[in-house]
Amino acid sequence: MLRDRRTITLVAMYVASVAAALALSALLIALTGGPWHKVLSALLDGAFRKKGRWGDTLAGSAPLLIVSLGAILATRSGLVNIGQEGQVAVGAAMAAFVTSRHSGPVALLAALLAGFAGGAMWAGIAALLKYWRKVPEVITTLLLVFIASQGTGYLLTRTFLLLDPDPNKPNRVQTSAQVDSSTRLGVIRIFGNEFPLTVPVALILAIALGIVLARSTWGFRLKMLGLNPRTAQRAGVSVVRTGAIALMASGALAGFAGAMMLTGGAANHRYTPGFANNVGWEGLLVALVARNRPMVCVPIALVFGALRTGSGFLAATGVERSIVDVVRALLVLALLVPPAIAAIQRRRTQPTPATTTALSTMVPA
Amino acid sequence: MIAVVANALSDVLASEAMYNSMIRFAIILAFAAVGEWVAERAGTLNISIESMLIAGAYTAAVAFDRTDNIAFALLCGTVAGFVVSLLQANLSHRLSTDQFVVGLTLNLFVLGLALFLDSQWKAVTSVAKPTRVPLLADIPLVGEALFGQPWPMYLIVPVVPLAWWLLFRTRWGLELRSVGDNPQAADVSGIPVNRRRRQAIGFAGICAGLGGGVLVLGQISISGYETGHVGLKGIIAIAAVIFGGWTLRGTLAGCLVFGYFFALQQSLPVLGHRINSQLAAALPYVVALTVTAVFAARTRQPRALAQPFVRGLT
Amino acid sequence: MGVTAPAPAARLTAITKRYGAVVACDDVHLDLRAGEIHGILGENGAGKSTLMKILIGLVQPDAGTIHLHGDEHTIHDPQTAADLGIGMVHQHFSLVDALTVWENVLLGDNARLDRRRARVQVADIADRYGLAIDPDANVGELSAGLRQRVELIKCLRRDPRIVILDEPTSVLTPAESEQLFTTLREGVASHGKAVALVSHKLAEVLHATDIVTIMRQGRVVDEHVTSSTTATSLAKAMVGRDVSLRASAAALGATDVLEATLEAEADQADVTLDDRPVVLALDAVTARRRDVVVLDELSITVRAGEIVGVAGVEGNGQRELGDLLSSLLTTDGGTVTVTGATVRAGRAGAMAAAGIAVIPEDRHDSGCVLDMTVAENLVLDNPERVARLRFLDRGRLREKAIAMMREFDIQAAGPDAPMRSLSGGNQQRVVLARELSHDPKVLVAAQPTRGLDVGAIEYMTRRIREAAERGLGVLLISTELEEILDLADRIVVMSRGRVIGELARHEATTERLGLLMGGVSVA
């Protein structure tokens with residue numbers, strides 16, 4: 001009975017805080033002179049209603065989903081990887097490195113693997129610094145985002161690295177060579193919509209990760225590590241090794257998402273400055289909102305993907321598309337509050353309070 | 001190659017502009033770093049210091065654009081930083097939401113908000129004029145840097161000793177330090193742990209907000225708010241605290257070190273050295289990464305750093 | 001207790017506190033009087049700590065009133081309690097290592113911070129109560145006895161009229177305890193303060209108090225003038241049934257009874273275990289933590305079937321010894337061998353794999369995962385046992401868990417109940433069940449009965465004995481002398497990370513052990 005009442009209060013709190021976030025967003029739009037219902041309508045047009053748009057939305061959601069799955073891996077093991085934006089960039093750049101030199105299906109596979117490896121390597125730097133030098137991974141992954149964007153930017157200034165040597169390249173923008181059509185991911189076409197293979201791959205990954213985390217002995221150990229690293233170490237889960245693997249796997253998925261974006265058609269199949277385009281940040285937010293449950297990430301990623309594609313239609317309303325970033329962050333903030341309040345209420349009525357996992361994990365001295 | 005580097009270094013050492021810009025960067029970093037230092041001594045780690053800087057910078061720019069009053073604009077920036085810190089403090093140390101999750105979300109929120117508002121209300125500030133201290137500013141090389149800055153820059157001069165005094169000479173500071181080292185002990189001694197932590201974050205917000213204001217109003221070369229001005233300086237400030245081994249002196253030294261590399265990135269092209277702009281831009285961050293790697297393990301951090309406190313939990 | 005007696009320093013009336021379905025305090029009445037040392041005796045979980053937390057403002061009661069010197073007060077928080085003249089000396093967690101003595105003493109006050117005055121004050125109190133200390137010392141570097149002295153000064157500085165001590169002797173050597181009681185008697189009570197001494201040790205309460213209140217399951221079951229009561233009657237009131245003092249002496253903290261038993265045993269020849277094989281050998285193990293040497297050329301051997309007790313004052317390397325044998329500490333030198341094979345220290349799971357079972361000092365820290373289920377906690381170290389092709393088989397996990405729960409009599413809503421929902425005793429049984437489930441060679445029990453009630457203590461004690469009888473080498477690390485005297489065949493005493501003395505069971509007395517624990521080597 002008490003449980004039911006709690007559930008009802010929780011749902012009520014969710015409704016209230018989301019409503020508050022939306023109201024605040026509407027107010028913000030109104031304050032800057034835009035009509036909020038037109039904004040909403042434009043978003044829906046851009047995300048679903050106009051011809052061919054839901055395919056784009058799916059295509060945009062898939063990398064978010066893959067990134068969010070990576071974020072979950074890190075969080076499960078008690079680590080805070082917030083550097084996905086950089087890992088996506090490095091993964092995509094590595095893939096571009098392969099695709100600008102080779103073509104064909106084998107090159108595609110190699111490019112995807114390169115993306116995977118690139119993301120893993122980038123997160124691996126943070127893992128190394130954490131376990132070797134005890135630098136908090138929160139700081140390092142974040143710093144690495146900036147270094148990744150500048151570093152991959154540098155790659156685009158040299159033709160022997162990534163810069164497209166073609167003198168006829170469009171707009172004189174610094175980009176990599178376009179991925180050859182034989183090296184691109186397959187495209188699925190239904191009902192006048194099209195989206196790359198990334199979509200089914202992301203879905204399969206979500207399901208697989210859900211099962212692995214919930215059922216496999218590896219998932220079991222990862223959970224143990226995240227919830228109590230000292231007990232885990234005693235029971236044979238190496239804090240350093242398993243933690244490093246989880247962090248690197250987390251980065252690998254982000255890098256993989258980057259490679260999928262490149263070969264799946266993002267930025268017209270070219271690696272460009274700012275290629276990651278917030279996919280890393282948004283994917284991370286998907287995981288936060290889904291409270292680290294892989295299957296819940298699927299609908300959340302779809303919503304976030306819809307916001308992305310929908311925002312492209314905002315220009316007509318005269319409202320800056322960056323409003324979408326504000327609305328999204330407000331929504332995430334709103335979704336953080338109810339479970340926190342519920343936890344406090346639970347704690348008040350229980351003799352033993354809930355543990356909050358300490359994020360700086362103990363390493364044997 | 002070595003000759004080129006040596007040549008560049010000697011140019012840099014002889015350049016007045018270099019010292020000037022190094023001090024300016026260091027001061028901006030110091031506002032955020034001193035605030036974050038206080039917050040970390042109380043056991044909290046706020047990556048949202050970044051968003052407090054952004055909020056301060058944008059608000060101060062808009063306020064100056066509308067009123068032409070530097071002092072008022074700085075006040076507005078400070079308030080904006082404080083408001084963001086209230087969000088962080090209450091979400092993470094009242095509702096016990098994970099402090100990194102809150103910090104990250106706030107960073108994205110404030111960045112997006114400033115970007116959006118900036119597209120609606122473009123804030124343009126006129127270029128600040130340096131205040132020269134007579135004679136002292138004429139000291140060769142470093143005179144201009146130390147005694148010829150626009151006046152908001154000098155606000156760091158009272159802020160640093162104030163932070164030290166608060167932390168080491170007041171009861172509030174004693175309680176903050178106890179909360180950062182052993183919150184359970186502080187709690188049974190009758191100290192409201194999470195309230196002190198919220199206050200410490202609030203102090204960080206005030207410092208960073210002011211720092212953001214100084215960032216846009218105290219620079220000679222920048223006019224107005226632009227996305228990217230802050231560019232992870234908040235995170236670099238955290239790195240400075242780590243570099244400084246959670247001491248105030250060390251933290252300030254860290255600010256100087258990172259300030260030097262920011263300045264290097266700006267000055268080399270000016271001095272006629274050809275350097276790739278992307279690599280130069282990445283330099284301070286690479287240095288931050290390296291430097292924290294060297295210093296994080298060696299120094300003694302507050303024992304309860306980044307660990308949430310819930311009464312009854314041991 | 002004349003008819004004209006003034007209002008008691010504190011009068012708690014009909015105090016009730018519930019946590020969900022658990023009643024921690026049930027209609028409790030208690031009077032504390034000026035100049036009296038009042039013992040509050042009870043098992044762990046009897047409600048005495050909750051009661052004191054209510055008086056100090058850390059916990060709010062659901063019902064009941066508190067009168068101080070005749071006036072009713074509501075105590076919202078420790079600050080209010082301090083303002084009302086109530087001070088507490090906590091068992092753990094109330095000093096901040098990073099601060100100096102005077103800073104710690106001032107913590108929780110609200111006057112302006114004045115370093116010079118604070119230091120003078122500390123010196124004053126030290127003088128008045130006979131508690132000498134250097135006000136500028138770093139608390140982190142002080143011994144347990146001195147730390148408690150700081151606690152006491154911190155409490156007395158505000159000149160409280162009521163002083164509460166929560167299990168004050170758990171971190172002290174017998175000599176230090178004796179000194180504390182003298183201070184309480186001659187310094188504190190004689191200054192007209194009311195003293196509440198919370199304890200679960202019979203001997204201590206009998207020895208040091210004027211009046212004693214016995215609590216059981218949240219209720220006050222009895223109150224006596226101490227001089228008119230006996231150990232047997234107190235024990236009966238405390239546990240709620242007739243207990244054999246002899247059998248439960250350790251659990252009840254009845255030291256004298258225990259010693260009498262030992263003397264009686266000494267007449268019989270010691271069963272020699274010297275011909276049994278050595279199962280665990282630590283040879284000159286040295287380890288540091290935060291650059292401080294915590295284990296200093298430590299050498300201990302344990303033979304099959306033998307219970308070796310490691311005695312010592314808390315904080316002398318026992319925790320690190322436990323960590324070492326739990327793969328949580330790397331060494332700078334020395335070796336650990338289990339049945340002849342060297343085990344690499346600090347490598348995840350290596351100690352467990354070599355056959356060392358551990359009941360850790362703090363089960364929440366390294367013994368179980370509170371946010372996993374009971375069944376999961378039972379297979380933490382080897383989920384492969386209930387897995388098929390590296391995927392957990394839920395059915396087999398349940399089956400296995402139910403069997404283990406039955407064998408060890410674990411009370412829980414079911415195998416899928418969260419570990420967090422279990423009582424301390426049952427959590428301890430889960431740990432024990434798991435640790436004994438795959439044929440270990442060595443059982444390390446660190447403070448295995450801390451925080452448990454008498455019933456649970458008896459169960460643990462029995463299990464430890466059985467383990468030794470089955471041929472396991474048992475290393476019992478405990479700060480409770482009674483527990484060690486009760487169980488161990490051989491006793492080593494640790495001080496500052498090294499063994500400073502070893503006694504056979506029949507040679508051991510509280511006195512000799514106490515001297516050793518204080519760091520005095522006796523030849």
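Predicted model: local features only at pLDDT ≥ 70, side-chain atom pairs only at ≥ 80, totals over all residues.
User: What share of the residues of chain B count as buried?

Analyst: A residue is buried if 20 or more other C-beta atoms, placed from the backbone, lie within 10 Å of its own, exposed if 12 or fewer, and partly exposed in between. Of the 314 residues of chain B, 60% count as buried. One case is Leu91(B), which lies in helix α4 (residues 70-93) of chain B and is buried, with 23 other C-beta atoms within 10 Å.

User: With which residues is Leu91(B) in contact, leaving aside its neighbours within four places in sequence?

Analyst: Two residues are in contact if their C-beta atoms, placed from the backbone, lie within 7 Å. With those neighbours set aside, Leu91(B) is in contact with Leu336(A), Thr97(B) and Val102(B). For chain B as a whole, 78% of the contacts between residues at least 6 apart in sequence join residues at least 24 apart.

User: How many residues does the contact take from chain B and from chain A?

Analyst: The contact takes 42 residues from chain B and 42 residues from chain A. On the side of chain B that touches chain A, the elements giving two or more residues are α5 (99-120), α11 (233-243) and α13 (277-295) of chain B, and α5(B) gives the most, with 13 residues. That side divides into 31 nonpolar, 11 polar and no charged residues, given that Ala, Val, Leu, Ile, Met, Phe, Trp, Tyr, Cys and Pro count as nonpolar, Asp, Glu, Lys and Arg as charged, and the others, Gly among them, as polar.

User: In what sense do strands β1 and β2 of chain C pair?

Analyst: Two strands pair if DSSP finds at least two bridges between them. Strand β1 (residues 10-19) and strand β2 (residues 22-32) of chain C pair in the antiparallel sense over 7 bridges, and Tyr19(C) has Val22(C) as its bridge partner in β2(C). The two strands form a hairpin with 2 residues between them, and Gly20(C) in the turn has a positive phi of about 55 degrees.

User: Which residues point each way from β20(C)?

Analyst: In a regular strand the side chains alternate between the two faces of the sheet. From β20(C), Gly473(C), Leu475(C) and Ile477(C) point one way and Val474(C) and Leu476(C) the other way, and all are buried. Because 5 of the 5 residues of strand β20 (residues 473-477) of chain C are buried, this strand is largely enclosed by the rest of the structure. Strand β13 (residues 307-311) of chain C pairs with β20(C) in the parallel sense over 4 bridges, and Gly309(C) stands opposite Leu476(C).

Note on methods: Residues numbered from 1 in each chain as written. Chains lettered and ligands numbered in written order.
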